Amino acid sequence: MSEAFKATRGKIAIKRTDSTPKKVGDIIYEQNENPNFKTGTVFSVGEPVIENNGSSIPCEVNVGDHVLYTLEHGFMSIAGFDMIQQIGLIALCDEGTSIQ
């Protein structure tokens with residue numbers, strides 16, 4: 001991971017799984033994608049979230065983990081990465097998992 005690109009407190013940088021159309025023989029098809037959920041690989045994890053009472057909530061994922069996440073809690077797409085809040089993580093998943 002490059003130190004020049006690091007997620008800030010409570011944020012996670014995720015490289016979205018490529019969903020380019022696939023070609024089988026001479027037929028090109030695009031897999032239907034569920035617009036509410038995305039999969040990707042964690043690139044950078046910010047510092048833990050600090051609650052109002054001063055306790056910290058550490059992130060449960062590590063760089064390199066494959067995750068299922070939602071964009072419903074706010075996100076930004078920057079340089080090919082989705083920057084999401086930690087609350088947007090749903091699950092760890094296997095690489096290549098597709099959500100339909």
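Modeller: Let's start at Ala 79, which sits in the loop between β8 and β9. Keep in mind that this is a predicted model.

Colleague: Why does Ala 79 count as exposed?

Modeller: Its relative accessible area is 66%. The label "exposed" needs over 50%, so Ala 79 qualifies.

Colleague: What about Gly 80, where is that?

Modeller: Gly 80 is in the loop between β8 (75–78) and β9 (81–85).

Colleague: Why is Gly 80 called partly exposed?

Modeller: Gly 80 comes out at 45% relative accessibility.

Colleague: Which residues does Gly 80 contact, once its neighbours within four places in sequence are left aside?

Modeller: Ile 14, Lys 15 and Arg 16. Take Lys 15: it is 65 residues from Gly 80 in sequence, but their C-alpha atoms are 6.6 Å apart in space.

Colleague: How do you know that contacts across the sequence matter to the count for the chain as a whole?

Modeller: Take the contacts with a separation of 6 or more: 68% of them join residues 24 or more positions apart. As for secondary structure, the chain has 10 strands and zero helices.

Colleague: What makes up the largest nonpolar core?

Modeller: It has 10 residues: Ile 12, Ile 14, Val 42, Val 45, Cys 59, Val 61, Val 67, Tyr 69, Leu 71 and Ile 84. The elements giving two or more residues to this core are β1 (11–16), β4 (37–45) and β7 (66–70).

Colleague: What gives the second largest pocket its class make-up?

Modeller: Its lining has seven nonpolar, two polar and two charged residues. The lining includes Glu 51, Glu 60, Gln 85 and Gln 86. Glu counts as charged, while Gln falls among the polar ones, so those four supply the two charged and two polar entries. The pocket holds about 200 Å³ of space.

Definitions and conventions
Residues are numbered from 1 along each chain as its sequence is written. This is a predicted model: local features need pLDDT of at least 70, side-chain atom pairs count only at pLDDT 80 or more; totals for chains, interfaces and linings use all residues. Side-chain values use heavy atoms; hydrogens and water are left out. On a 1 Å grid over the protein atoms alone, a cavity is a set of points where a 1.4 Å probe fits but cannot get out, and a pocket is an open set with protein on both sides within 12 Å along at least five of seven lines; lining residues have an atom within 4 Å of a point. Grid points are joined across faces, edges and corners, and a volume is the space filled by probe spheres set on the points. A nonpolar core is a set of buried Ala, Val, Leu, Ile, Met, Phe, Trp, Tyr and Cys residues joined through side-chain atoms within 4.5 Å. Buried means under 20% relative accessible area, exposed over 50%, partly exposed in between (1.4 Å probe, protein chains only). Helices (H or I, at least four residues) and strands (E, at least two) are DSSP runs, numbered from the N terminus. Contact means heavy atoms within 4.5 Å.
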